[in-house]
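Please look over the sequence and the structure before reading on.

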Amino acid sequence: DTYSAAVYSIAAPQNVTVVESTRVLYPAVSRRSEGHLLCRVVAAGVNPVDAKCVIADKLPARCVSLARRGVEGCVVGFDFSGVVVEAAGTSTYKVGDEVYGCMPPFKGTYCEYVRAPVSQVSNKPSSISHEEAAALPIPIVTTIQAYRAHGCTEAGKRILILGASGGVGTIATQVAKAYGCEVTAVCSARNADFVTSLGADHVIRYDDSQEDAVKVLRDGASNEAGRFDMVFDTVSSHEGRDNDRLYMQRLTAKPSVLRESAKHAYVTIGGPTSYWVRSITKRFLGVNLFSSAHDHHWIRFPGCASDLKEAARLVDTKSVRPHVAEVVPFTSEGVQHAFAQMHSRRQRGKVVVKVADA
């Protein structure tokens, strides 16, 4: 038998192509394993980390080409939604169950089948399609984990979200409102109405430059009432085009937009290599090398099934709705277009690959 999969390829446009391979190349499909589910993939969510070859966004620019070579031939993707086709006898899941979740790094989801760890999947929200469910895992797990870590899962907290119209930002805005927080969202003028529709209490819009938004926020920080318990920065990255933004430096300089009691509460999810080094040090050595204002959230995949279950609850109670910007076909051209969209940063919500019919 042959199976189709999207793999990283230096020679292909956007460094990705769809190939067909034999069962021999997919031992995960043929090898039974306790604690795992064999799932037929219906849809796969496209994340920036996919388009950046998993690790290229965490390394210095001079190492990017090396990173691309390091993932050559690996199956692309983390997020999926699909149907169980094989489950261990001790599993709470059964054949035919609709599930969604995350695969570990380098295992991939842009393929026909995945053998997913039970600790990283949950029942798919029943009120949405597979395409919508595939758009959820990394954005909503990242959000739930970050809010929990910084005490923002309780009503009354004030949260500032930068990049509120993007894949993580759209989810972060809705989850914060579901938890009873007061949300101030920053986005471009063209997306202001869309972000308002997500439930943001206050929307600060900008045109070509973010300077106006920064000024409004800093003016509001002149008193404690205008400050925030957490800033969730979903836009800052290691890319040169973000150097002119430098949101953190401008928003945490005195007077900071953070409340005096908010420590390590300016939370980034992307950034230079130094952020990732500090995150590794913090996670594995328990040593926090970040400044008193800053924290960098690094998603935890193992055990995220409980977060996915919470996410399904939020979706099925109509508190959160994933926004799918575009569904692309499971072809080389379709996946390459999805990556181009990721690099453009122009889409609202998420791009999803339709791998098969439900």
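Helices, such as the one described first below, are DSSP runs of H or I with at least four residues, numbered from the N terminus. The model is a predicted one, and the points below are grouped by topic.

**Helix α5**
- Helix α5, which covers residues 137–149, has 13 residues and reaches 18 Å from its first C-alpha to its last, close to the 18 Å expected at 1.5 Å a residue.
- Because 11 of the 13 residues of α5 are buried, the helix is largely enclosed by the rest of the structure; among the buried residues are P137, I140, T143 and Y147.
- After α5 comes G151, a residue whose phi is positive, near 65 degrees.

**Packing of α5 against α11**
- The axes of α5 and of helix α11, residues 305–316, come within 9 Å and cross at roughly 100 degrees, and the two helices are therefore roughly perpendicular to each other.
- By class, this contact of α5 with α11 has seven nonpolar, one polar and three charged residues.
- On the α5 side the contact involves P137, I140, V141, I144, Q145 and R148, which meet D307, L308, E310, A311 and L314 in α11.

**The surroundings of C111**
- C111 is found in the loop between β5 (98–102) and β6 (113–117), and C111 is buried, with a relative accessible area of 3%.
- Leaving aside neighbours within four places in sequence, C111 is in contact with S4, A5, V41, V75, F330 and V355.
- C111 and Q249, by contrast, are 138 residues apart in sequence and 41 Å apart in space, C-alpha to C-alpha.

Terms used. Residues are numbered from 1 along each chain as its sequence is written. This is a predicted model: local features need pLDDT of at least 70, side-chain atom pairs count only at pLDDT 80 or more; totals for chains, interfaces and linings use all residues. Side-chain values use heavy atoms; hydrogens and water are left out. The expected span of a helix is 1.5 Å times one less than its number of residues. Buried means under 20% relative accessible area, exposed over 50%, partly exposed in between (1.4 Å probe, protein chains only). Contact means heavy atoms within 4.5 Å. Axes are lines fitted to C-alpha atoms, for helices over the stretch in contact, and angles run from 0 to 180 degrees between N-to-C directions. Angles under 35 degrees count as roughly parallel, over 145 as roughly antiparallel, 65 to 115 as roughly perpendicular and the rest as oblique. Ala, Val, Leu, Ile, Met, Phe, Trp, Tyr, Cys and Pro count as nonpolar, Asp, Glu, Lys and Arg as charged, and the others, Gly among them, as polar.
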